[in-house]
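Hi,

Here is the structure I said I would pass on.

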Amino acid sequence: MGSTPFVLVVPPGRGFKTAGDFVTAAHAKPGASNFASLGVGTASHLSAERFRLSAGVQAVHIPFKGGPEAMTEVITGRVDFYLVAIGAALPHIRDGKLSALAVNSSKRSAALPEVPTTEEAGFKSAEYPTWFGLFLPAKTPREIVDKLHRETLKALQEPKVRDKLAALGFDPMVMTPDEFHGHVLKEIAINADLVKAIGLKPE
């Protein structure tokens, strides 16, 4: 249906102008930084780990039970950085409560066109946008799959729907069911490698 980048945000009082500034400061004090997420293994956690590995930053993971709590801790400066879905961060960025340093997508977000991508910032393997799709039971008849696919594409082309998605930082994902199936398999492999790299174990 659509994809949206996570945005790297930090407390505005730290004075960081770029992601490079933040990383340089983090390298100066290895292990002293921390980052928020919505829980172990969530997209916000894995996106932060992807950035952390790309930047070579040592940081402590602090999982929270919900987005408002995590956001509050970053705004107050008790947490050093957070990779969060762009739609959730936009109001706080616009109010000056958060500084946006980079988005982790392959291109800049129309919602924050002035904010560079992580690759533009010099971190080439930090890309980790999130996406949303429709899933059906595996044995669903193909004609039903195809009909739902056609109707979904129609909905995504509606101006009101496109405007609403754009306001939340989403780009439509136009794929056939088979292309989306391949995309999901690729994402599973990417995340499996990431989970191994950070040593994440099932609880």
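Before the tour, a word on terms: helices (H or I, at least four residues) and strands (E, at least two) are DSSP runs, numbered from the N terminus. Keep in mind that this is a predicted model, where local features need pLDDT of at least 70, side-chain atom pairs count only at pLDDT 80 or more, and totals for chains, interfaces and linings use all residues. Residues are numbered from 1 along each chain as its sequence is written, and side-chain values use heavy atoms, with hydrogens and water left out.

Overall shape

The protein has seven helices and eight strands. Its radius of gyration (taken over C-alpha atoms) is 18 Å, close to the 17 Å that the globule rule (2.2 Å times the number of residues to the power 0.38) gives for 203 residues, so the protein is as compact as a globular protein of that length. Along the principal axes, the C-alpha atoms fill a box of roughly 60 × 40 × 30 Å. Of the 203 residues, 38% count as buried, which here is under 20% relative accessible area, with exposed over 50% and partly exposed in between (1.4 Å probe, protein chains only). Taking contacts (heavy atoms within 4.5 Å) between residues at least 6 apart in sequence, 73% join residues at least 24 apart.

The cores

A nonpolar core here is a set of buried Ala, Val, Leu, Ile, Met, Phe, Trp, Tyr and Cys residues joined through side-chain atoms within 4.5 Å. The largest one has 23 residues, and Phe22, Phe51 and Phe81 have the most contacts inside it. At least two residues of this core come from each of strand E2 (6-10), helix H1 (19-28), helix H2 (43-55), strand E5 (81-85) and strand E6 (99-103). A second, separate core of 20 residues includes Met71, Val79, Ile93 and Val103.

Val7 is worth a click: Val7 sits in strand E2 and is buried, with a relative accessible area of 0%. Leaving aside neighbours within four places in sequence, the contacts of Val7 include Tyr82, Leu83, Ile93 and Val103.

The pockets

A pocket, on a 1 Å grid over the protein atoms alone, is an open set of points where a 1.4 Å probe fits, with protein on both sides within 12 Å along at least five of seven lines; lining residues have an atom within 4 Å of a point. About 660 Å³ of space lies in the largest pocket, the volume being the space filled by probe spheres set on the points, which are joined across faces, edges and corners. Of its 23 lining residues, Leu134, Phe135, Val145, Pro177 and Phe180 lie nearest the centre. H5 gives the most to this lining, with seven residues.

What is the lining of the largest pocket made of? It divides into 15 nonpolar, six polar and two charged residues, where Ala, Val, Leu, Ile, Met, Phe, Trp, Tyr, Cys and Pro count as nonpolar, Asp, Glu, Lys and Arg as charged, and the others, Gly among them, as polar.

The second largest pocket holds about 430 Å³ of space. It is lined by 23 residues, with Ser105, Ser106, Glu127, Tyr128 and Pro129 closest to its centre. H7 supplies the largest share of that lining, four residues. This lining divides into eight nonpolar, eight polar and seven charged residues.

Cheers
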